[in-house]
Amino acid sequence: MQTKALIKRLGTIEEELSAIKLSVENGRLPDLHPSRQLSAINLVQYLHIRRKNIVGLQDKLHGMGLSSLASSESHIHHQVQEIMLRLGHSFGKNRLNSCNALWAERHLQQNAGILFGEKSTDSSLPIMVTLDSNSHLHEKAISSLLKKGMRIARINCAHDHSDVWGKMVELVKTAENETGIHCKIYMDLAGPKFRMNLVKHGKITKKFKIEHGERILLTETREEAENVPGKCIYCQIPGITSFIKKGCVIMMDDGKTEAMVTGETLTGTEITISRISGNPQLKTGKGINFLNTIIPIDSLTHDDIKALDFVKKQADLVGYSFVRTVDDLKQLHQHLYAGNAEKAPALIIKVETPESVINLPELLLYAMRYPQFGVMIARGDLAVEIGFERMSEIQEEILWICEAAHTPVIWATQVLEQLNKTGVASRSEITDAYKAAQAECIMVNKGNHTPLVLDTLRDLIQRSHRHHFKKRYEMQGLGIARNFKFSTSGK
């Protein structure tokens, strides 16, 4: 009786997954690139499963010594069919989904190889290193990084200008020729990063001290800030003070300082410092995030569009910052693929806003009209925006969904950061870096000990791959999946 009940339950799921497959094959998702159709089908099927809570079903399957559907993100329909076959069910000719575990693994690795370069060994991962115009701009330094595992050089377009970027690219190419090691060029568009500018008693200052409970004014322009008698922050975003309301939480300097909007005055918006972590001061140029507040500003800025002229000529990969919706992707594609689309750099969608997390399925499906793209888990701003306590859960969900889409992932931000700055790693960041080996690429930031970081990462990656095993996850309802709606009827 238990076997019949299981076959019935699985049969219902299999029929639903087959209906999704047929719907996509019949054009339910138009403009898919031919190489992406199976990936699109699997993604939608996986999201359909994750809208349910199938923990009870998983427990029964596991108790019978069968696959519990855990670790089947990349080939969910085929896995359901294989379980049904083991239970004695039979399928008609050509009914088995061709997206099986072997095909999915090869397809994901092929996509990763095109984006990041081929792995030198089965237990290695491409490492992306952020170049620093102050410390890395000489040929020997770049050559040393290549020898220690750097396979992608990251240039942050939020800093410097095209002359400096060009020098970085030239040095990478020279180091390639010297070492015989190929290195991709990745360029990050700056996007609308909100940064603080500080004014004290009407004068521009680089920093000032703050206290818990202290009230500071926030304005839009320097002119307004210079008319404030005390301390003031100005953030040059048109209309910013009209978007933030009383009770809005503001995080500054990567979440080290927290404030709350407490009122309005004739000269600006009043914020009150509610938490200080570490050094009790603010610095000009540090980031500022407005939580639970949608600020209607384009993800692609005027400076980004100007930078694209250089990026399209020199970069292999382009990172799109602060993506929120499919409309943001459409806007970039108008500029990125204007002219010779075949030579345009591959797109990396940076997930660093709550909207990009919620809309991740739609972003992936839209990007599938192009042959190659990837995702970066940009954990700095994302952790501030969604809360540090949710970061571990969300980054895992992103990895699952991207695996279902056979989309390579870059694990980024603060990887071995203390080691990079001081030469001594913390226990927690070693664990974090070990976890990063689940991605297809790892990004490290600039620092004084980057060669040591690369040595450490290579060792951790090899250890992770040597001892890695599939963990059995219980499929509770997944938040990202519940927000995704797909109708097989086309309505």
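Residues are numbered from 1 along each chain as its sequence is written, and side-chain values use heavy atoms, leaving out hydrogens and water. Because this is a predicted model, local features need pLDDT of at least 70 and side-chain atom pairs count only at pLDDT 80 or more, while totals for chains, interfaces and linings use all residues.

**View A. Asp 455 pairs with Lys 148.** The structure holds 21 salt bridges (a side-chain nitrogen of Lys or Arg within 4 Å of a carboxyl oxygen of Asp or Glu), and here is one of them, with N to O at 3.0 Å. Asp 455 sits in helix α18 and Lys 148 in the loop between α6 and β2, so the pair ties together parts 307 residues apart in sequence (helices, H or I of at least four residues, and strands, E of at least two, are DSSP runs numbered from the N terminus). Asp 455 is partly exposed at 33%, and so is Lys 148 at 23% (relative accessible area: buried under 20%, exposed over 50%, partly exposed in between; 1.4 Å probe, protein chains only).

**View B. Lys 350 meets Asp 188.** The closest N and O atoms of this salt bridge are 3.2 Å apart. Strand β15 carries Lys 350 and strand β3 carries Asp 188, so parts 162 residues apart in sequence are tied together. Lys 350 is buried at 7%, as is Asp 188 at 1%.

**View C. Lys 435 joins Glu 396.** Their salt bridge spans 3.3 Å, N to O, and links helix α17 to helix α15. Lys 435 is partly exposed at 26%, whereas Glu 396 is buried at 15%.
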